[in-house]
Amino acid sequence: MKPQLPRTDHLWWSAGSLLAVCYALTPIAWIVSLSLKHPGDLGDNRFWPQRITFEHYRAIFADAQFPAALMNSLGIALISTLLAVTIAMFAAYAVVRINFSGRRLFLALALAIAMFPPVSIIGPLFNMWRLVGLYDTWPGLILPYITLTLPLAIWTLAAFFREIPWDLDKAARVDGATAFQAFTKVIIPLVAPGVFSAAILVFIFAWNDFLFALSLTSTNDARTVPAAIAFFTGSSRFEQPTGSIAAAAVVVTIPLVIVVLIFQRRIVAGLTAGAVKG
Amino acid sequence: MAEIQLENISKRFEDGTEAVKDISLTIDDGEFFILLGPSGCGKSTLLNIIVGLETATTGDVRVDGRVINDLDPKDRNMAMVFQSYAIYPHMTVGDNLAFPLKLAGMDKEERDKRVTRAADILELGDMLHRMPRSLSGGQRQRVAMGRAIVRQPDAFLLDEPLSNLDAKLRNQMRGEIANLHEQLQTTMVYVTHDQTEAITLGQRLAVLRRGRLQQVGSPRELYNTPANLFVAGFIGFPSMNFFPGRVENGRLQLPVLEDTIDLGDNGTDLNSGQEVVVGLRPEHLALAEDDNEAVLVVEVALVEWLGADAYVHFTCKHGGEEEPRLGQLADNEEKEKKGGKKITGIVKLDPSHRLSRGDALNLRVATDRLHIFDPESGRCLFRSSQEE
């Protein structure tokens, strides 16, 4: 049941929400507008484009660089998400359910890694990757992404695992499931909202990362979109690539919006309602 | 079908607490067996050891003579009903019931047949497509039972299955569980802290306290011949009254009574001068006539009127100068808290007597219903009742 708000309260809530949405969406609208403007109008300081053109979109896809970067971004982000969430699922389950010594230390260390400023490891990583041949490769980016997002994923999932009643995996074990079956058939479906939350966090991190992508790649082999955009050039050396950058920014935002919209529907609390008494 | 044998089972947890100490039991094939005890007595741990969710530190679990200590729970073919029901919330009722069968790799046709039969027995037929969250407590309880019976297991283990239900539903489900056992004739091990549930359902009971087995027997045996103070105080409602006393030359001296009681021929076995605790059930006290011996002079402290009966709480007029030594008693902590020097008790009377607080009463002690315990060990030394 939604609480019935008095009319004035309702008004204030609507006004506040509208303000927040405008505040958040204005820059995005600005970029969309820029990406649709005719090259000659880019500096006209108007919010609405006077003449709409898809020239910039055609331009970025005509160039070999951007589609390659898009594939890199998609592949690297998806693989990172898959691996990080899978590892985090097992780690979080172990942390919550198994009473091993050093459990607290493990969680504290994981948090410490999350606090680590990435800038400080970029230099050593650059040298190491060149040495072992991971420089400018997919694994070269996937590895740091997994490492840096794992703590967050583990903490998120651990919070969800704690909500699952122990009796459910005991029941599954008695019902004839192996420990692994109990995990995959009973526990994972119940923490699905947590898995999706963690997946979104990891995906966004990997998708948006600029620092590692810029420092650890050099060619189209592994360069992701945020880094690739930085290397955009105008059609002539006297022209700023503003329109192309705006178009590329819009293109990379779309998958993110889609992913969040899909998973948002799955992130609903109360899935465990009905498991135990109450 | 299974006979479950426990041999010298002990369980010590990592933090050093000893949940179960050296328990040996045999649960016969097809028996309705109850593990009874107050919370923390180790009864649930024992159940978990039987089903394989915990491993015993020492001792053997045998099923039909075969040691199954190292057998995984999934291979034990036992079904368990949890206190919390542990219904899988992401599956429909039907899928919940079918889950153990799916795991066993049964084909869909046979699965459906079994689920339908279980649903019929438990009247879940029209709920198979509903999600657990839309069910009431009693319905969830049935689903949990249903998931246990579809497998046709060797044994059912029930861990306080009724404790989350309201009183009326609990009585109804109690009857249904008894019927179910009658129909299936499968070994059932039932854990509860509720002695009413235990004595109404069980064919045999094991009473546990602080991880130790106190007594095993039929409800009647435990009621009539409790082995020690704890069992005497735990079985029966209202619980047994205890009075401090002393044996002198085959006669029992009770400070609460004016007369001494002759313990008869067998009473001479008791050491003269022995301090004892005398137990007497509330139903073995009655209003005294003028010519009765062994009369307890009491003052009414509280009347609980229940329609068919009245439980009258009283304090004794005599005795009670010394602190009664009831160390081995079930609710001794509670008794100590009261702290008073007065000796108190309960009597079950006809509700037609209109009694109120402060009234004086004379109660006749049924001298042929006395249980005499050693106050140190709690062991029963003597009982005047001949009932077995």
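Predicted model: local features only at pLDDT ≥ 70, side-chain atom pairs only at ≥ 80, totals over all residues.
In chain A, helix α3 (residues 65-97) packs against helix α6 (residues 138-163) at an angle of about 40°, and their axes lie 6 Å apart. α3(A) and α6(A) are therefore oblique to each other, and α3(A) passes α6(A) in a right-handed crossing. The residues of this contact comprise 24 nonpolar, 3 polar and 1 charged.

In chain B, strand β7 (residues 155-159) is largely enclosed by the rest of the structure, because 5 of its 5 residues are buried. From β7(B), B:Ala155, B:Leu157 and B:Asp159 point one way, whereas B:Phe156 and B:Leu158 point the other way. Strand β6 (residues 78-81) of chain B runs parallel to β7(B) and is joined to it by 4 bridges; here B:Val81 stands opposite B:Leu158. β7(B) also pairs in the parallel sense with strand β8 (residues 187-192) of chain B, over 5 bridges, and B:Leu158 stands opposite B:Tyr190 in β8(B). Between β7(B) and β8(B) the chain passes through helix α5 (residues 167-184) of chain B, forming a right-handed β-α-β crossover.

Chain B also contains an open sheet of 6 strands with antiparallel pairing, in the order β13-β12-β11-β14-β20-β21. The edges are formed by β13 (260-262) and β21 (380-383) of chain B, each of which has a single partner strand, so one side of each is left without a neighbour in the sheet. On average, neighbouring strands of this sheet are turned by 35° against each other, direction ignored. Within the sheet, strand β14 (residues 275-280) and strand β20 (residues 371-373) of chain B pair in the antiparallel sense over 3 bridges, with B:Val277 opposite B:Phe373 in β20(B).

Methods
Residues numbered from 1 in each chain as written. Chains lettered and ligands numbered in written order. Axes fitted to C-alpha atoms, helices over the stretch in contact; angles between N-to-C directions. Helix = DSSP H or I, 4+ residues; strand = E, 2+ residues; numbered from the N terminus. Parallel < 35°, antiparallel > 145°, perpendicular 65-115°, else oblique. Left-handed = near helix turned anticlockwise from the far one by under 90°. Nonpolar A, V, L, I, M, F, W, Y, C, P; charged D, E, K, R; others polar. Pairing = 2+ DSSP bridges. Buried ≥ 20, exposed ≤ 12 C-beta atoms within 10 Å, placed from the backbone. Right-handed = clockwise from strand over helix to strand, strands pointing away.
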